[in-house]
Amino acid sequence: MCEIIRAPAIAKVIGCTRQQANYNIRNGVWKFGRVEKRGSKRFCITTISELAKYLDISREEVIRRLEEN
């Protein structure tokens, strides 16, 4: 599994919408994420480790939540 995850995966782990995740990262509400620009598009990204630390859960728990259907 890739260490870097984007807003849809972040939202799935936290339990919010993709739009909420994008808004919170872009506006600095959540300090664990960052905005990366590729061409004309902007992506909100973070790592599994940063997200686990922010939520105070293990990396394995984050991965388990990502793999849930």
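Let's start in the sheet of this predicted model: strand β3 (residues 41-47) runs antiparallel to β2, and five bridges join the two. Within that pairing, Val-35 stands opposite Cys-44 in β3.

**The sheet and the helix on it**

Stepping back, the open sheet has three strands in the order β1-β3-β2, with antiparallel pairing. Each of the edge strands, β1 (4-6) and β2 (34-38), has a single partner strand, so one side of each is left without a neighbour in the sheet. Ignoring direction, neighbouring strands here are turned by 45 degrees against each other on average. Helix α2 (residues 18-26) packs on this sheet, where α2 touches β2 and β3. The direction of α2 makes about 85 degrees with that of β3.

What does α1 bury, and against what does it pack? The buried residues of α1 are Ala-7, Ala-9, Ile-10, Ala-11 and Val-13. Their packing partners are β1, α2, β3, α3 and α4. After α1 comes Gly-15, with a positive phi near 95 degrees.

The largest nonpolar core holds 16 residues, and those touching the most other members are Ile-5, Ile-10, Ala-21, Trp-30, Leu-51, Val-62 and Leu-66. Two or more residues come from each of α1 (7-14), α2, α3 and α4, and α1 gives the most, with five residues.

Leaving aside neighbours within four places in sequence, Ile-10 is in contact with Ile-5, Ala-21, Ile-25, Trp-30, Phe-32, Cys-44, Ile-45, Thr-46 and Leu-51.

**Where α3 meets α4**

Two packed helices are described by the angle between their axes and the distance between the axes. For helix α3 (residues 48-55) and helix α4 (residues 59-67), the axes come within 8 Å and cross at roughly 105 degrees.

By class, the contact has six nonpolar, one polar and two charged residues.

To close, here are the angles described above, side by side.

| Elements | Angle |
|---|---|
| α3 and α4 | roughly 105 degrees |
| α2 and β3 | about 85 degrees |

Key. Residues are numbered from 1 along each chain as its sequence is written. This is a predicted model: local features need pLDDT of at least 70, side-chain atom pairs count only at pLDDT 80 or more; totals for chains, interfaces and linings use all residues. Side-chain values use heavy atoms; hydrogens and water are left out. Axes are lines fitted to C-alpha atoms, for helices over the stretch in contact, and angles run from 0 to 180 degrees between N-to-C directions. Helices (H or I, at least four residues) and strands (E, at least two) are DSSP runs, numbered from the N terminus. Ala, Val, Leu, Ile, Met, Phe, Trp, Tyr, Cys and Pro count as nonpolar, Asp, Glu, Lys and Arg as charged, and the others, Gly among them, as polar. Two strands pair if DSSP finds at least two bridges between them. Contact means heavy atoms within 4.5 Å. A nonpolar core is a set of buried Ala, Val, Leu, Ile, Met, Phe, Trp, Tyr and Cys residues joined through side-chain atoms within 4.5 Å. Buried means under 20% relative accessible area, exposed over 50%, partly exposed in between (1.4 Å probe, protein chains only).
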